[in-house]
Protein chains: 2
Amino acid sequence: MSAPIAITKLDSSTADFQQRLASLLAFETSQDDAIEHAVAQILTDVRQHGDAAVLAATQRFDRLTASSVAELEISKDEMQQALNSLPTERRIALETAAQRVRAYHQIQKQECGSSGFSYTEPDGTVLGQKVTPLDRVGIYVPGGKAAYPSSVLMNAIPAKVAGVAEVIMVVPTPDGVKNPLVLAAAFIAGVDKIFTIGGAQAVAALAYGTATIPAVDKIVGPGNAYVASAKRRVFGTVGIDMIAGPSEILVLCDGTTNPDWVAMDLFSQAEHDELAQSILLCPDADYIAAVERSINHLIATMPRQEIIRTSLTNRGALILVRDMDEACSIANSIAAEHVEISTQQPEHWAAKIRHAGALFLGRFSSEALGDYCAGPNHVLPTSRTARFSSPLGVYDFQKRSSMICVSEAGAQTLGKVAAELAYGEGLQAHARSAELRIQ
Amino acid sequence: MSAPIAITKLDSSTADFQQRLASLLAFETSQDDAIEHAVAQILTDVRQHGDAAVLAATQRFDRLTASSVAELEISKDEMQQALNSLPTERRIALETAAQRVRAYHQIQKQECGSSGFSYTEPDGTVLGQKVTPLDRVGIYVPGGKAAYPSSVLMNAIPAKVAGVAEVIMVVPTPDGVKNPLVLAAAFIAGVDKIFTIGGAQAVAALAYGTATIPAVDKIVGPGNAYVASAKRRVFGTVGIDMIAGPSEILVLCDGTTNPDWVAMDLFSQAEHDELAQSILLCPDADYIAAVERSINHLIATMPRQEIIRTSLTNRGALILVRDMDEACSIANSIAAEHVEISTQQPEHWAAKIRHAGALFLGRFSSEALGDYCAGPNHVLPTSRTARFSSPLGVYDFQKRSSMICVSEAGAQTLGKVAAELAYGEGLQAHARSAELRIQ
């Protein structure tokens with residue numbers, strides 16, 4: 001048996017707790033100047049030389065030679081063949097997940113004000129808001145080791161539910177190796193076009209457009225440091241989703257859940273990568289000890305045990321709290337991506353959590369179910385950004401326009417108010433424009 | 001009489017129209033290295049030295065000496081006195097505008113899914129979404145020449161309607177000169193605290209917090225190049241609103257509106273600053289000539305005529321189109337901040353506009369009414385970002401959390417799906433975490 005994992009143990013009643021918690025949570029992405037410089041160059045190249053620059057970068061980085069970007073497009077037929085080639089169990093699982101994600105986002109669309117609104121005032125003035133889908137969206141899908149078909153579903157389905165007319169996916173295929181599960185997921189999700197390109201060159205092609213690749217209005221989806229830098233740089237020309245930090249799970253447990261279950265939930269986050277963060281908050285010291293025993297017992301069975309070990313050692317923690325109320329208060333200060341409330345009467349504690357990407361209530365709601373098939377999106381705010389941002393949703397693929405239809409009578413009363421304030425701000429043309437409508 | 005304004009005239013039927021339109025619209029903010037460097041230094045200083053750094057920067061840039069940051073706070077009493085000191089007409093106008101903006105955003109809150117949702121599946125699994133306000137928001141208000149009380153209302157009121165507990169405003173007061181209209185607007189809007197600080201130091205204080213200034217979760221509001229750079233740099237630590245470009249108006253007119261009205265509407269945008277953009281789309285060449293005569297006749301009456309002249313000459317345009325359908329199509333490609341549909345039956349054409357920050361329907365809906373008091377927000381997407389973004393609204397001060405409560409029965413069926421897909425992605429801890437819940 002291997003050495004026990006040296007996971008950090010904290011006690012909220014100690015004097016240095018806040019300081020130790022802060023240093024545990026501290027995480028900053030540092031900008032790498034070499035990456036920044038390379039990305040700036042690639043963006044300029046693609047903007048100036050279009051398809052030719054995309055082809056050159058794809059040959060250079062993915063060792064993929066093509067005589068035109070059109071050759072790098074994957075046809076609908078090939079997507080469907082990828083789906084047909086899957087083992088039946090896997091195909092059914094993918095289709096079930098897609099159907100559940102679609103159902104959730106359809107309800108979200110109904111419930112999140114997608115139909116806009118308008119109301120008429122007594123003088124006939126009509127005010128309101130119009131909601132429209134984006135015209136065209138780009139989805140970045142990483143290739144290679146982190147090829148996640150579930151990400152394809154989670155990014156493409158809300159866009160299609162929102163009513164986006166065209167969803168363009170890019171996925172690098174280094175050395176030409178394609179992942180059938182990713183292509184199958186794209187087919188099921190209703191992706192309209194796929195190009196086998198990646199990196200900053202793919203982001204640039206989507207943002208600026210080339211002769212072959214249409215310019216999109218927004219780019220979503222995860223990627224490496226080059227992709228993240230490119231997305232930051234094209235923001236403004238197109239919309240982007242959040243730049244995700246390492247994934248996080250925070251488990252609040254009252255000590256009544258099988259400790260193996262909690263240990264495995266902590267593993268499921270830790271196995272993502274060495275920087276992932278898994279934290280347990282519990283008021284029962286004996287239970288924390290039991291979870292630690294489970295961790296050291298179960299780790300041997302894990303194929304990705306080296307990643308899990310590093311993640312738990314460097315960034316994990318088992319934290320003893322005074323009571324569940326304090327656990328909720330600490331959870332609000334951490335504002336984690338995934339928050340599991342593995343307790344009796346989880347609704348009671350969930351009501352106290354203000355900041356979380358997703359809340360998993362009760363011991364049967366393992367985070368893994370949310371990652372794949374419960375229905376809600378698995379693209380969630382990380383690194384405390386749940387304080388001010390939301391899961392990816394239908395609303396990210398829609399935008400609103402205000403509607404103002406002032407009646408002749410309304411222009412008389414509103415005109416006086418606007419003119420008075422405009423003169424106060426020294427904007428006389430504003431004032432005159434309002435006054436001209438006053439009879 | 002002064003020289004006629006050399007406003008660009010385009011005709012959509014000419015061969016080079018698309019190219020000339022593109023070059024008219026082209027606008028890029030270039031990063032100024034000196035500003036970037038200065039801002040990076042100020043952010044580091046405030047992060048490391050807190051209040052002391054804020055005081056030093058305020059003395060340096062605003063020539064304002066104080067022995068503590070607490071001295072730079074404006075009390076509620078002083079805000080109320082500012083309101084009481086206003087001439088009655090102006091006070092009533094400000095209160096009327098605030099009441100109308102509040103009413104619109106309250107309806108927006110009801111209509112945009114602020115109550116969240118949840119639904120129960122046949123096996124007892126509950127899925128949903130919880131909506132919560134941000135805890136604390138910072139509002140940047142420029143001082144000096146561009147001191148706009150209407151901006152205070154438009155930024156603070158949606159935050160308070162959303163339920164934000166604490167709204168902290170910062171406004172620089174160079175040489176200690178305060179603007180009573182701005183303080184009065186803050187009082188009416190329900191701003192909780194005001195500090196008379198500005199620039200990158202104010203953004204840093206709000207993002208990181210100091211001993212005196214509480215850290216916020218999101219910073220909104222316009223500012224100069226230093227403020228914009230600082231907001232970009234603290235994004236991620238806090239949320240930010242869009243970085244606004246120059247303001248724009250696009251008037252679609254069928255030739256039936258008094259040409260003086262349209263000319264003044266174009267002026268009202270042009271008077272903001274030299275980079276503002278005012279464009280008319282009209283299928284009637286005679287009417288375009290009439291608007292041009294109005295422009296050259298009315299310009300002499302405008303106190304800000306030099307700004308208007310420069311803006312219209314460099315960035316304005318009168319565009320002859322084939323018909324109103326083409327006008328709508330061009331409007332969609334421009335995706336302007338403000339779109340006035342100054343026509344008969346404006347609803348007919350508004351239905352064809354997919355991309356616009358705000359739509360003003362009918363000849364009585366001058367943009368000035370929307371800027372001050374119609375009710376909808378005047379913080380709107382510029383520079384074609386209306387393709388993917390929305391007016392500032394209650395939704396910008398709320399965030400969502402997914403809710404997943406899987407029943408024991410649900411864990412059996414969902415667990416199999418999740419495990420199948422997790423094995424497909426090579427994430428065995430995810431799979432095991434789901435399988436442990438299967439009896």
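**Close-up views of chains A and B**

**Figure 1. Where chain A meets chain B.** In this predicted model, 116 residues of chain A are in contact (heavy atoms within 4.5 Å) with 115 residues of chain B. Together the two chains bury about 10,200 Å², 60% of it on carbon and sulfur atoms. Buried area here is the accessible area (1.4 Å probe) that two parts lose on being put together, summed over both.

**Figure 2. Salt bridges between the chains.** Look for a side-chain nitrogen of Lys or Arg within 4 Å of a carboxyl oxygen of Asp or Glu: that's a salt bridge. There are 10 of them between chain A and chain B, and the count over all chains is 36. One pair is Glu121(B) with Arg100(A), whose closest N and O atoms are 2.7 Å apart. Glu121(B) sits in the loop between β3 (117-120) and β4 (126-133) of chain B, while Arg100(A) belongs to helix α5 of chain A. Another pair joins Asp135(B) to Arg354(A), with 3.0 Å between the closest N and O atoms.

**Figure 3. Helices α5 and α6 of chain A.** Helices (H or I, at least four residues) and strands (E, at least two) are DSSP runs, numbered from the N terminus. Helix α5 (residues 88-111) of chain A packs against helix α6 (residues 149-162) of chain A at about 35 degrees, with the axes 9 Å apart. Those axes are lines fitted to C-alpha atoms, for helices over the stretch in contact, and angles run from 0 to 180 degrees between N-to-C directions. Residues making the contact include Leu94(A) and Val101(A) from α5(A), plus Leu153(A) and Ile157(A) from α6(A). Sorted by type, the contact residues are 11 nonpolar, 2 polar and 2 charged (Ala, Val, Leu, Ile, Met, Phe, Trp, Tyr, Cys and Pro count as nonpolar, Asp, Glu, Lys and Arg as charged, the others, Gly among them, as polar).

**Notes.** Residues are numbered from 1 along each chain as its sequence is written, and chains are lettered from A and ligands numbered from 1 in the order in which they are written. Local features need pLDDT of at least 70, side-chain atom pairs count only at pLDDT 80 or more, and totals for chains, interfaces and linings use all residues, while side-chain values use heavy atoms, leaving out hydrogens and water.
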